[in-house]
Amino acid sequence: MAPLGDSKKQKKVSLPRLELSAALLLSHLYHKVNTSIALNTQPFFWSDSTITLHWINSVPSRWKTFVANRVSEVQHLTTNGVWAHVSGMDNPADIISRVMEASQLEESSAWWTGPSWLKQPSRFWPPVLQSDLPELTVESLEERSVSLPVRDHEPNEIFGLRSSFISLVRLTAMLRRFIHNSKPDIRSNRKIGFLRTSELNQATTTLVQLAQSEVFSNDIDAIATEGQVKSNSLLKNLCPVLRDGILRVGGRLRNADIPEDRKHPMILPARHLLTASIMSHYHQKHLHAGPHLLVACVREKFWPLRIRNLARNVVHSCINCFRCKPSALEQLMGDLPAERVTPTLPFLNTGVDLCGPFQFRKLRKDQPTKCYVAIFICLVTKAIHIELVYDLSTAAFIAALHRFMSRRGKPHVIHCDNAQNFKGAVRELAELRKQFYSQKHKAAVVNRCADDGIQFKFIPPCSPNFGWLWEAAV
Ligand SMILES: [Zn+2]
């Protein structure tokens, strides 16, 4: 029996699913009866749906969720039972689904006592699954689809023989030499002794060629036949070219006067044992180079795809790099001095420093002479004033200081380095100030100037870290 669903609102349940639901109902019924009266015989369950029997006699995980849940429950409830096929003609449950008059139903032996063979011993019963049943398709069985990654080509075994790039190259070179020496026609010209550089280079080329043929075979075929890769190729942006069977980056450096390998590096796949061993080799060869240096070094000869990720992975997975990586001590910086955080007029609190020397000539025909630049920086606004200092003498610095003061006004405090010329300058400034004080009585203006004489503050000797703002400006 099937529920009459509203086809507009409810999704229609397929007939096999209804048959399975009927089988589940039968299982529940059997389970209830069995727990009540404890039948000690092996139960037989009959269904005329071959699909349902297929479902029940198989592992539930093969089927879609609806079927799998019900099959699992049926199997659990009828663990010791046998599910068998009964033809539609012999199935008494089938009679009521067809049109039949009550008088006929009364006389129907199949309705009252079941099919005739059921009264005989079980060996006379039809087989559990009949062989002449129609073939079941995947769609009708509602099999769950499973996706698996499949490789087109298995990687060549040679890449797994050595983890180090150098030993892999040497092994390949020895194999190449063996093949060369085995040829009968060159017995007199056999290669023996140490491996030569040319042999190692040829071995490297052979390895790259092998790796490329595994991953880029379609691109190599496309270039060989059409002269360029297909529009959906990963290598499209590299404009690859085929040189001696090796796929190389095309690029625009054809006319550059640089080695051929650098002009057209060999393309390497991102995920390949060879690429990993090359990256690792270059990392160690360049004394455990960081990601940026590693990228630059590898690209001298090779062009691995997604090289930045590879470089980062190599550096991060290197145990030596991990052990040697020092954790920098980060100390909290002290509070900013009052001069930096108190709003004042520009250049009232000034820092000064000299930088240079620079080359300088007064006239075109003169020999160039050294000069310096004094940088005055306002500690509040960070405004910068630059003055030329002709030499490192005190007089030159005083002159620059005067020019600065003429332009920007007289600063209250000047913070500066502990250089010798400034020590001299403060002596002269003291004399200047003394002179101002001696003329105090003469004029009110001069008096005022002397009162706010410039104060010099020196940082401790040999401690450039004290020079906070002007060092940054220099
Ligand atoms: Zn390292």
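Biologist: In which helix does threonine 204 lie?

Modeller: This is a predicted model, in which local features need pLDDT of at least 70, side-chain atom pairs count only at pLDDT 80 or more, and totals for chains, interfaces and linings use all residues. Residues are numbered from 1 along each chain as its sequence is written. Helices are DSSP runs of H or I of at least four residues, strands are runs of E of at least two, and both are numbered from the N terminus. On that basis, threonine 204 lies in helix H10.

Biologist: Is threonine 204 buried or exposed?

Modeller: The criterion counts other C-beta atoms, placed from the backbone, within 10 Å of a residue's own: 20 or more make it buried, 12 or fewer exposed, and counts in between partly exposed. Threonine 204 has 20 other C-beta atoms within 10 Å, and it is therefore buried.

Biologist: How far apart in space are threonine 204 and arginine 170?

Modeller: In sequence, threonine 204 and arginine 170 are 34 residues apart. In space, C-alpha to C-alpha, the separation is 9.0 Å.

Biologist: With which residues is arginine 177 in contact, leaving aside its neighbours within four places in sequence?

Modeller: Arginine 177 lies in helix H9 and counts as partly exposed because it has 18 C-beta neighbours inside 10 Å. Its C-alpha is 8.4 Å from that of isoleucine 192, 15 residues away in sequence. A contact requires the C-beta atoms of two residues, placed from the backbone, to lie within 7 Å. With neighbours within four places left aside, the contacts of arginine 177 are Lys191 and Glu199.

Biologist: Which members of the largest nonpolar core touch the most other members?

Modeller: A nonpolar core is a set of buried Ala, Val, Leu, Ile, Met, Phe, Trp, Tyr and Cys residues joined through C-beta atoms within 7 Å. The largest such core has 28 residues, and those touching the most other members are Leu207, Leu268, Ile278, Met279 and Leu294.

Biologist: Which elements give two or more residues to this core?

Modeller: The contributors include one strand, S5 (266-268). The others are helices H9 (165-182), H10 (197-215), H13 (273-285), H14 (291-298) and H15 (307-317).

Biologist: How many residues does the second, separate core have?

Modeller: Its members include Leu354, Leu401, Cys416 and Leu469. The size of this second core is 18 residues.

Biologist: Why is H13 described as roughly perpendicular to H14?

Modeller: Axes are lines fitted to C-alpha atoms, for helices over the stretch in contact, and angles run from 0 to 180 degrees between N-to-C directions. H13 and H14 pack with their axes 10 Å apart, at an angle of about 115 degrees. Angles under 35 degrees count as roughly parallel, over 145 as roughly antiparallel, 65 to 115 as roughly perpendicular and the rest as oblique. The angle therefore makes H13, relative to H14, roughly perpendicular.

Biologist: Which residues of H14 meet H13?

Modeller: On the H13 side, the contact involves Ile278, Met279, Tyr282 and His283. On the H14 side, the partners are Leu294, Cys297 and Val298.

Biologist: How many residues of the contact of H14 with H15 are charged?

Modeller: H14 and H15 pack at an angle of about 125 degrees, with axes 9 Å apart, and H14 is therefore oblique to H15. H14 supplies Pro291, Leu294, Val295 and Val298, while H15 supplies Ile307, Arg308, Ala311, Arg312, Val314 and Val315. Ala, Val, Leu, Ile, Met, Phe, Trp, Tyr, Cys and Pro count as nonpolar, Asp, Glu, Lys and Arg as charged, and the others, Gly among them, as polar. The contact has 8 nonpolar residues, no polar ones, and a charged count of 2.

Biologist: What is the phi of histidine 288?

Modeller: Histidine 288 is in the loop between H13 and H14, and with 15 C-beta neighbours inside 10 Å it counts as partly exposed. Most residues other than glycine have a negative phi. Histidine 288 is not a glycine, yet its phi is positive, at about 60 degrees.

Biologist: How many residues of helix H11 are buried?

Modeller: Helix H11 has 10 residues, spanning residues 217-226, and it lies largely in the open. It is followed by glycine 227, whose phi is positive, near 90 degrees. The number of buried residues in H11 is 1.
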